[in-house]
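Here are my notes for your read-through. Please keep the coordinates open beside them.

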Amino acid sequence: MTDALASFRLDGKVAVLTGGGSGIGKATAELFGAVGAKLVLGDIDEAGAEATAAEIREGGGEAVAQRCDITVKADLDALVARAVADHGRLDVMGNIAGVPHNQMIVDVTEDELDRMLAINLKGPFYGVQAALAQMLSQDEGGSIINVASSGMDFAAPTLSVYAMTKAAVASLSRTAAIEGAHKKIRVNTIAPGATVSAFTEVSVTDAEGNVNPDALEGKIKMLAGASPMQMVGDVDDQANLMLYLASDASKFATGQIWRCNGGAPMVW
Ligand SMILES: NC(=O)c1ccc[n+]([C@@H]2O[C@H](COP(=O)([O-])OP(=O)(O)OC[C@H]3O[C@@H](n4cnc5c(N)ncnc54)[C@H](O)[C@@H]3O)[C@@H](O)[C@H]2O)c1
């Protein structure tokens, strides 16, 4: 019989994560570091990623940070190259970085559309491309996890651009899963439901960067109300799912969309 808990460990596995400076990326990095992974964290917020890496090192784990703007292919290539230079391989790629967007279709400018496509769509594409090339060359399997959103599961005013980027990411994962399958490279998507992080604060933050606490509380209540359990998630809920998909515990799982969302889409 296999040791179920041991199959969730990442000892010796080399993992690259984007978005490691905050929220789901930070929580995932901390969890991966605690179960033995060697981490390379990328974020446009280099200080944030470095703070996460420092926390992991202080806890006895292994992590470095590198500035990475996921809209730039060369930055993602460099992130994977850093993992290979430091550790000789890549086992896990988590394309986590992303940004929210809320605007009615008729108001979206060309520049805004291009910005969102560059971050939420081209970013994960470049990450998959860099990881797949490295993992194919290693010929020892691997796990790529892309972060979409429950926003892809329903229609609501102002969600057009965000939801279409996330639906496209899920589609990208399926194609990558087919292209990597012959080498046992697994590619999965997670579609988080409302998860409290800096992401939640964006729509209740003024131009000077101040969060309106009443508006934030109201928003969290509204998001919780969308779940039959009347709750929002926290970043660890998504990190736990990321660990399952990164580890050998999920060795038979590929090309799927994994939804940890409080059951919200059941009642939409
Ligand atoms: N929080 C939620 O409710 C929720 C729900 C569904 C999906 N998601 C998705 O989860 C992912 C992580 O979100 P989060 O909640 O942790 O948000 P967050 O804002 O806490 O973290 C996002 C991170 O991405 C980084 N980032 C932004 N633009 C970047 C760029 N161009 N290059 C590199 N890094 C960049 C930010 O600096 C930040 O560290 C996103 O893809 C988001 O769309 C979040």
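How many residues does helix α2 have, and how far does α2 reach from its first C-alpha to its last? The points below start there. Bear in mind that this is a predicted model.

1. **Helix α2, length.** Helix α2 runs over residues 46-58 and has 13 residues. From first C-alpha to last, α2 reaches 18 Å. That is close to the 18 Å expected at 1.5 Å a residue.

2. **Helix α2, two sides.** The buried residues of α2 are G48, A49, T52, A53 and I56. They cover an arc of only 135° around the axis, which puts them on the same side of α2. A47 and E58 are exposed, on the other side of α2.

3. **Helix α2, surroundings.** What lies over the buried residues of α2? The cover includes α1 (23-34), β2 (38-43) and β3 (62-67). After α2 comes G60, with a positive phi near 95°.

4. **T28 in α1.** T28 lies in helix α1. Its relative accessibility is 0%, so T28 counts as buried; the cut-off for buried is under 20%. Which residues is T28 in contact with, leaving aside neighbours within four places in sequence? They are L17, I96, A239 and M242.

5. **Helix α5, length.** Helix α5 covers residues 160-180. Its 21 residues should span 30 Å at 1.5 Å a residue. The end C-alpha atoms are 30 Å apart, so the span agrees.

6. **Helix α5, burial.** Buried residues of α5 include V161, Y162, A163, T165, K166 and V169. Further along α5, A170, L172, S173, A176, A177 and G180 are buried too. The cover over the buried residues of α5 includes the helices α4 (110-138) and α6 (198-201). Strands β5 (142-147), β6 (185-190) and β9 (257-258) are also among the elements that cover them.

7. Most residues other than glycine have a negative phi, so exceptions deserve a look. D139 has a positive phi, near 60°. D139 sits in the loop between α4 and β5. With a relative accessible area of 45%, D139 is partly exposed. T158 also has a positive phi, near 80°. The place of T158 is the loop between β5 and α5. T158 is partly exposed, at 24% relative accessibility.

8. Where does Q256 lie? Q256 is in the loop between α8 (235-246) and β9. Its relative accessibility is 43%, so Q256 counts as partly exposed. Q256 touches V187, N188 and T189, not counting residues up to four places away in sequence. Q256 and R174 are 82 residues apart in sequence. In space, Q256 and R174 are 7.2 Å apart, C-alpha to C-alpha.

9. **Second largest pocket.** The second largest pocket has a volume of about 320 Å³. Its lining has 19 residues. Which of them are the closest to its centre? They are G141, G142, K184, R186 and D248. β5 and β6 each supply at least two residues of this lining. By type, the lining of the second largest pocket divides into six nonpolar, five polar and eight charged residues.

Conventions. Residues are numbered from 1 along each chain as its sequence is written. This is a predicted model: local features need pLDDT of at least 70, side-chain atom pairs count only at pLDDT 80 or more; totals for chains, interfaces and linings use all residues. Side-chain values use heavy atoms; hydrogens and water are left out. Helices (H or I, at least four residues) and strands (E, at least two) are DSSP runs, numbered from the N terminus. The expected span of a helix is 1.5 Å times one less than its number of residues. Buried means under 20% relative accessible area, exposed over 50%, partly exposed in between (1.4 Å probe, protein chains only). The arc is that of the directions from the helix axis to the C-beta atoms. Contact means heavy atoms within 4.5 Å. On a 1 Å grid over the protein atoms alone, a cavity is a set of points where a 1.4 Å probe fits but cannot get out, and a pocket is an open set with protein on both sides within 12 Å along at least five of seven lines; lining residues have an atom within 4 Å of a point. Grid points are joined across faces, edges and corners, and a volume is the space filled by probe spheres set on the points. Ala, Val, Leu, Ile, Met, Phe, Trp, Tyr, Cys and Pro count as nonpolar, Asp, Glu, Lys and Arg as charged, and the others, Gly among them, as polar.
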